[in-house]
Amino acid sequence: MTQHLIVGPGAMGRLLALHLAERHPVTLLGRRSLPRCQTLTTPEGECRHRSLECLTPDSLERLDTSRLAAVHLVTKAYAADAALATVAPRLPSDTPLVLWQNGFDSQPRLTRHRQGPTLCATTTEGAYSYGDEGVVHAGHGQTWIGHLDGRHPELAAGLAATLTATGIPALAVDDIRVRLWHKLAVNAAINPLVARFRLRNGQLREPRFRPMVDAIIEEVASIMAAEAIPPPPHGFSTMIWEVIAATAENRASMLQDTLAGRPTEHDAILLPLLRAARENGLETPQLSALHRRLDTRQPSGKA
Ligand code: KPL
């Protein structure tokens, strides 16, 4: 079993595909067809060309599932359920699935409803795509992979080893739930604000925006405490301000989606927080206002 199916040929999907293709057969599935020859530009500036099998839902019957090691669902969070529904009828029910979505919306739902082993992954790898032909690996990062309830540790370890061997350093963990909530905290503090005010991440350190970030961090930290999510070693505030400094030049994903007129992942990032706040009787004026604002500006194609 060595073949990997990547569903969702965005920047992260193609980054994974082009790394895995160094050692394994890889098929890329997207809504529209892509050129077979794809280029990966490494953080060191080297260009590597790989030929990948690229399928669309219309050509899915060509998918050979007999050697599938794993299916990686690397779509935007709002497209995850529909993408899985397209591919699931073709898969043996015990095929391992890895969910790479942001936020904490589709992961518990898909993990619960699916029969086969379903893992979640979260990563700090940086990537952006250019056109249909290439992806730029903007910065090296770390990936964590595991089951929400800590099940399937050998599968997680095997997939982490496979990713690591192809240049995506990955660790199998039994606390992926906590790591997903921490990433969600970072995304909630950065993405809606930079999308609203059209900022690079580092501009959040300016005097006008700093108090807004701090107010969001305060709401997020009390929700995490009420949900018994252990804080990161130096607290949420330190973690979030460190990410802002480390990604100061980035245009965050939600800003890129907003500028391109695409739907944003605001539901996957903000709704789990708003739901948890409601269940714990917490007020969230900042997060609620950000969610309302993003919700009213969604393009009509919102999934
Ligand atoms: O993950 C990110 C994103 O862009 O969605 C952050 C951490 C905010 C970096 O830009």
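How far is an oxygen atom of the ligand from an N or O atom in the side chain of N191? The distance is 3.1 Å, and the account below places this contact within the rest of the predicted model.

## Basis of the description

This is a predicted model, in which local features need pLDDT of at least 70 and side-chain atom pairs count only at pLDDT 80 or more, while totals for chains, interfaces and linings use all residues. Residues are numbered from 1 along each chain as its sequence is written, and side-chain values use heavy atoms, with hydrogens and water left out.

## Around the ligand

The ligand is surrounded by K183, V186, N187, I190, N191, N201, V243, N250, A252 and S253, where a residue is near a molecule if one of its heavy atoms lies within 4 Å of it. A polar contact is a pair of N or O atoms within 3.5 Å.

## The sheet of eight strands

An open sheet with mixed pairing is formed by 8 strands in the order β5-β2-β1-β6-β7-β8-β11-β12; strands are DSSP runs of E with at least two residues, helices are runs of H or I with at least four, and both are numbered from the N terminus. Two strands pair if DSSP finds at least two bridges between them. Because β5 (53-55) and β12 (170-172) each have a single partner strand, they stand at the edges, and one side of each is left without a neighbour in the sheet. From one strand to the next, the twist averages 25°.

Strand β11 (residues 143-146) runs parallel to β12, and 3 bridges join the two; W144 has L171 of β12 as its bridge partner. Helix α5 (residues 176-197) lies across β8 (118-123) and β11, running at about 40° to β8, with contact meaning heavy atoms within 4.5 Å.

## The sheet of four strands

Another open sheet, also of mixed pairing, has 4 strands in the order β4-β3-β10-β9. Its edge strands are β4 (47-51) and β9 (126-130), each of which pairs on one side only, and neighbouring strands are turned by 25° against each other on average, direction ignored.

Over 5 bridges, β9 pairs with strand β10 (residues 134-139) in the antiparallel sense, and A127 stands opposite H137 in β10. Helix α1 (residues 11-20) lies across β3 (37-41), β4, β9 and β10, and runs at about 95° to β10.

## Two packed helices

Helix α6 (residues 210-226) packs with helix α10 (residues 285-296) at an angle of about 105°, their axes being 8 Å apart. Axes are lines fitted to C-alpha atoms, for helices over the stretch in contact, and angles run from 0 to 180 degrees between N-to-C directions. The two helices α6 and α10 are therefore roughly perpendicular to each other, a term used for angles of 65 to 115 degrees.

On the α6 side the contact is made by A215, I216, E219, V220 and I223, and on the α10 side by P285, Q286, L287 and L290. By class, this contact has 7 nonpolar, 1 polar and 1 charged residues; Ala, Val, Leu, Ile, Met, Phe, Trp, Tyr, Cys and Pro count as nonpolar, Asp, Glu, Lys and Arg as charged, and the others, Gly among them, as polar.

## Backbone in two loops

Most residues other than glycine have a negative phi. R198, in the loop between α5 and α6, has a positive phi of about 55° although it is not a glycine. A228, found in the loop between α6 and α7 (235-246), is not a glycine either and has a positive phi of about 60°.

Key:
Parallel < 35°, antiparallel > 145°, perpendicular 65-115°, else oblique. Polar contact = N/O pair within 3.5 Å; in protein donor to acceptor, adjacent residues only side chain to side chain.
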